[in-house]
Amino acid sequence: MINGSSLKVAVRVRPFNQREKAMRSKCIISMAGNNCTILDPKDLQNKRTFTFDYCYWSTDGYIENDQGVFLPNGPHSRYISQEHVFNELGRAVLENAWNGYNATIFSYGQTGSGKSYLMTGYGGNKGLVPMICEALFQEIKQRQSKDGQFYVYFSMFEIYNEQVFANQFMTKHSEINLVDLAGSERQRSAGTAPDRFNEARAINLSLTTLGNVISSLSDKAVGKRVQYIPYRNSILTRLLSTALGGNSKTIMVTMISPADIYYDETMSTLRFAERAKNVQNRAVINESLTEQLLMDLKEDNTGLRARIADLEKAGDVHIDEQEVLKKLIVDNERQLKDMQKSWQQKLEEARREWEQQYSCIIKEEQMMAELPYFLNVNEDPQLSGAVKHFIHHGITTIGRTAGLQQDIVLKGLGILDKHAVLTSHDHKVVLEPINKARILINGVPVLTKHQLQHLDRVIIGSCSFYLYVGFPHERNDRDKIHKYNYEFFASELASIEGFGKVNVGMGEELKENLDPDLARIFHDFIAIMPMVAQANQISEELNKGVIFEPEVKNLTSTDAKGEGLEKEIIVKVINKVTKQVEIWPRDKFTDRKLLIEGIYQHFLENGTIPNMVEQDPFWDSVEILHLGSAHVWLETLAYCIAYEDQVEAINYRGKEEAIIQIRLLPCSPSGNPLGEESVIVDPDDLLGKRMDFQMQITLCLGVKWIQGNSSRGVQIGFMMYGLPAMLYTPAVWNNANFEMDYTMCFMIQHVTADFLSYLKTHAVVLELWGLQEGCQEMETEFAHVALAGNGSVLLDLCYRNQWTSVPQDSEKCRSKLSEQLKMLEEEIENLKDANRSLKSENIKMQRELERLRNLPSSSGLVTNGGPMKSANDRSDQKSPFPSWDAEFAKALKTFYFSMIGVRARLIHLKEVRPLDEGRILCLRYFANERNQLIEELGEELESCVGKLKNDIAKIIKRKKELQIDAVSPP
Ligand code: ADP
Ligand code: MG
């Protein structure tokens with residue numbers, strides 16, 4: 001009887017942990033019925049809802065009773081307790097097992113998501129394994145007519161259940177697998193497998209393999225071609241091939257965190273669970289053939305005996321036949337006995353296996369009491385301490401197998417055939433790396449002999465972490481072995497890789513010193529570093545010629561308003577030979593990493609790389625890359641001031657990628673640049689008028705991208721006032737320093753307040769794009785851009801909200817800087833008010849003068865035709881005095897030019913280079929440095945405004961003096 005059904009998938013969300021609370025995380029998960037919804041913390045409008053067979057809310061609404069058991073805190077609580085989960089999932093498993101189906105429950109999720117809590121439980125909150133076992137015992141006690149037997153290995157939580165239904169001459173047997181997945185996201189390939197016993201405990205079930213299997217099975221279920229289902233080594237094969245896609249009723253419980261800081265991980269876990277729903281199983285009731293045979297034999301014998309009885313009655317004519325029949329009976333009985341014995345044997349084998357393990361444990365305990373040893377440290381605390389490497393007196397060699405006899409065989413990444421030698425002599429252990437093999441002790445690389453101290457942290461190869469436990473006399477009851485956990489190792493490692501001093505309890509420190517955005521990116525970056533190191537190691541071992549580099553996208557970049565852009569982790573993939581580059585988002589990298597690990601595993605097991613007809617996970621296809629951006633502030637245009645500058649295009653890390661020479665030129669309608677005489681004082685005068693301007697890019701110097709490889713090219717792209725399409729210069733190839741003759745004309749028929757405000761607050765962001773062999777050049781899509789009759793790009797059609805609706809992230813700390821800028825803007829507004837009142841005063845005075853002197857208004861004195869011509873013809877405002885406006889404009893021009901300098905510094909401020917010139921970012925250092933620069937800039941801003949105030953005060957003073965002169969009779 002085959003029961004085809006898909007994998008059942010449940011999702012459970014756990015409470016916030018200390019770290020999440022310390023980082024003031026918010027809840028982004030909600031559940032209703034069978035739906036689980038996740039919010040994007042960066043864009044709360046963006047939600048995604050998944051549907052699963054069960055959704056368990058365990059984040060809040062609970063109390064702890066006297067026994068430490070978490071229970072719902074009232075009748076309206078939504079909290080799902082351990083007991084609830086058992087009643088729903090555990091009982092279903094038991095039911096299936098009693099019916100003769102194999103049943104499996106396993107939990108999936110990142111480390112710390114609650115897998116062990118669900119399966120094993122902590123303290124009073126018993127998990128599924130103990131509750132299922134208890135229920136099984138209970139049930140066996142109650143089943144009088146049936147005789148149940150089972151035995152349990154407790155390394156794998158495999159329960160074999162055999163039921164004999166005496167009166168029905170029938171048996172059913174089933175296997176229950178309860179799997180508490182242990183493993184770590186970060187250290188998955190660092191399998192250390194000195195012997196089978198340790199292996200079974202240490203690599204319970206690798207998440208990698210599980211991920212690969214589920215992906216392949218789900219692809220298969222939706223009709224995709226799958227090359228091979230990557231079930232792996234013996235233990236896993238047995239479990240996975242039954243539990244997934246085989247003869248089993250299987251439930252997967254997906255564990256997630258409620259916190260926004262794990263959005264990416266949780267999203268990919270949920271997507272993964274979504275795929276897992278596709279996996280199809282074929283469960284069969286297990287009535288084995290031998291059971292049938294047993295019944296047949298018994299039946300046979302009954303028949304034979306009856307026949308013999310008949311023959312005996314008939315007398316001794318059939319003596320021969322009787323002999324044959326008796327022999328048959330004896331034979332049948334022997335077979336029957338054998339079969340019954342096999343069950344006894346199974347039990348006996350299990351007992352022996354258990355004894356063997358027990359003696360191993362005893363032996364291990366003895367050695368621990370006498371010898372120094374290495375203790376493994378894993379990201380998953382469940383696996384830490386599972387492996388011990390004892391150091392005997394004399395010489396102990398460490399290395400990878402590869403046919404060479406090593407005392408301690410390690411299979412982790414970056415471990416050489418002969419890696420190191422340990423010498424134990426005179427109660428001292430000395431470690432010496434062989435041939436510069438990588439070993440770090442307490443975060444510091446070791447090149448020569450080093451005497452180990454009790455509780456030294458030893459990293460062998462890329463990421464095999466061990467704690468050295470010294471001789472018994474060095475140990476102390478108060479040793480805090482647990483202190484040296486994965487975090488401790490990782491932060492020691494991070495500190496030598498250039499992160500500056502990062503202490504353990506990072507969460508606490510970050511809370512005080514960094515804004516939550518930076519804290520999140522910091523956490524992500526540290527998390528991805530070991531994965532990237534592993535991918536690089538595999539690439540090297542498999543000779544793939546590819547290097548991976550993690551990077552923070554937009555670490556220092558700003559948008560058109562000068563505000564920080566959303567930061568995210570990306571991974572650069574560089575082909576060592578062709579120097580071609582790809583950029584992968586983090587998710588893509590982690591997906592690829594799974595495939596890469598699968599290939600590596602295949603390589604380790606078979607010595608070959610599986611054929612990758614469909615796709616090479618190390619490499620996709622080349623694409624155009626964003627190299628960096630430069631900001632050109634538009635403010636001068638609002639005053640009809642021509643502007644020319646050389647601006648730096650800055651990459652994500654704040655380094656210069658190229659220098660671009662640019663001009664912003666206000667023009668006449670016929671396209672001729674306007675001179676200084678056209679400078680205006682009050683941009684509002686432009687309202688409703690037509691405005692023309694040009695943007696010219698004339699030079700590009702020191703393009704690093706092309707310096708790195710002359711087969712490459714670049715293109716510059718930019719946006720203007722919410723145009724629906726990006727504008728691109730033509731591509732330039734093979735030249736790192738070139739002249740460019742690029743001019744783009746823009747025209748707005750009716751200047752709006754919105755347009756003016758845009759000019760005053762925005763920059764044109766010049767994006768430098770890197771071209772490489774085999775990629776497409778970018779083209780301006782003029783189809784989307786409105787052009788005026790003279791060929792200028794028309795800016796009238798743009799809508800305000802296209803650029804003003806930049807989401808204001810209230811969470812983001814408002815830096816001192818933006819406050820200062822705001823104050824400056826206010827001051828400028830005040831100055832303008834002063835200017836306006838001066839103007840009207842001016843007019844009043846003029847009239848007064850005219851009346852007094854009775855002179856005609858066209859006096860021949862310098863007016864509109866003078867040094868300054870306002871863009872809008874204010875022909876009625878003719879002044880007998882030298883134009884105050886002209887002087888005012890001059891002062892303003894000086895001011896705006898110095899403001900451009902200030903702006904440039906502001907951008908620079910956001911580009912403070914990290915300590916290390918390499919790929920490593922020192923964010924904390926970065927934050928401190930930034931504060932200092934903010935102060936300096938503040939002073940500079942103040943002196944700028946001070947100068948402007950002074951200039952204006954002088955103008956006003958002189959004006960007043962002149963007016964007094966004019967009014968009083970000579
Ligand atoms: P994993 O095995 O996935 O690495 P654990 O099961 O060890 O994670 O859980 C990590 C921590 O979270 C533990 O301290 C555990 O007590 C706590 N935890 C997990 N799930 C729950 C839950 N549903 N209710 C209360 N605490 C939980
Ligand atoms: Mg666990």
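**Salt bridges in a predicted model**

Me: At 41% relative accessibility, is E134 buried, partly exposed or exposed?
Reply: E134 counts as partly exposed at that value. Keep in mind that this is a predicted model.

Me: OK, and which residue does E134 form a salt bridge with?
Reply: That would be K126, with the closest N and O atoms 3.1 Å apart. K126 is partly exposed as well, at 36% relative accessibility.

Me: Zooming out, how many salt bridges does a search of the whole structure find?
Reply: The search turns up 13.

Me: Why would side chains pair up like that at all?
Reply: Opposite charges on side chains can pair when the charged atoms come close.

Me: Switching to R592, which side chain does it meet in a salt bridge?
Reply: R592 meets D620, at 2.9 Å from N to O. The two sit 28 residues apart, so this pair links distant parts of the chain: R592 is in helix α14 (residues 586-606), while D620 lies in the loop between α14 and β31 (625-633).

Me: Is R592 buried or exposed?
Reply: R592 is buried, because its relative accessibility is 7% and the cut-off for buried is under 20%. D620, on the other hand, is partly exposed at 31%.

Me: What about R690, what's its partner?
Reply: R690 forms a salt bridge with D692, and their closest N and O atoms are 2.8 Å apart. D692 counts as buried at 7% relative accessibility, whereas R690 is partly exposed at 38%.

Me: And which residues do shared partners join into one network?
Reply: K588, R592 and D620 are joined that way, through salt bridges that share partners.

Conventions: Residues are numbered from 1 along each chain as its sequence is written. Chains are lettered from A and ligands numbered from 1 in the order in which they are written. This is a predicted model: local features need pLDDT of at least 70, side-chain atom pairs count only at pLDDT 80 or more; totals for chains, interfaces and linings use all residues. Side-chain values use heavy atoms; hydrogens and water are left out. A salt bridge is a side-chain nitrogen of Lys or Arg within 4 Å of a carboxyl oxygen of Asp or Glu. Buried means under 20% relative accessible area, exposed over 50%, partly exposed in between (1.4 Å probe, protein chains only). Helices (H or I, at least four residues) and strands (E, at least two) are DSSP runs, numbered from the N terminus.
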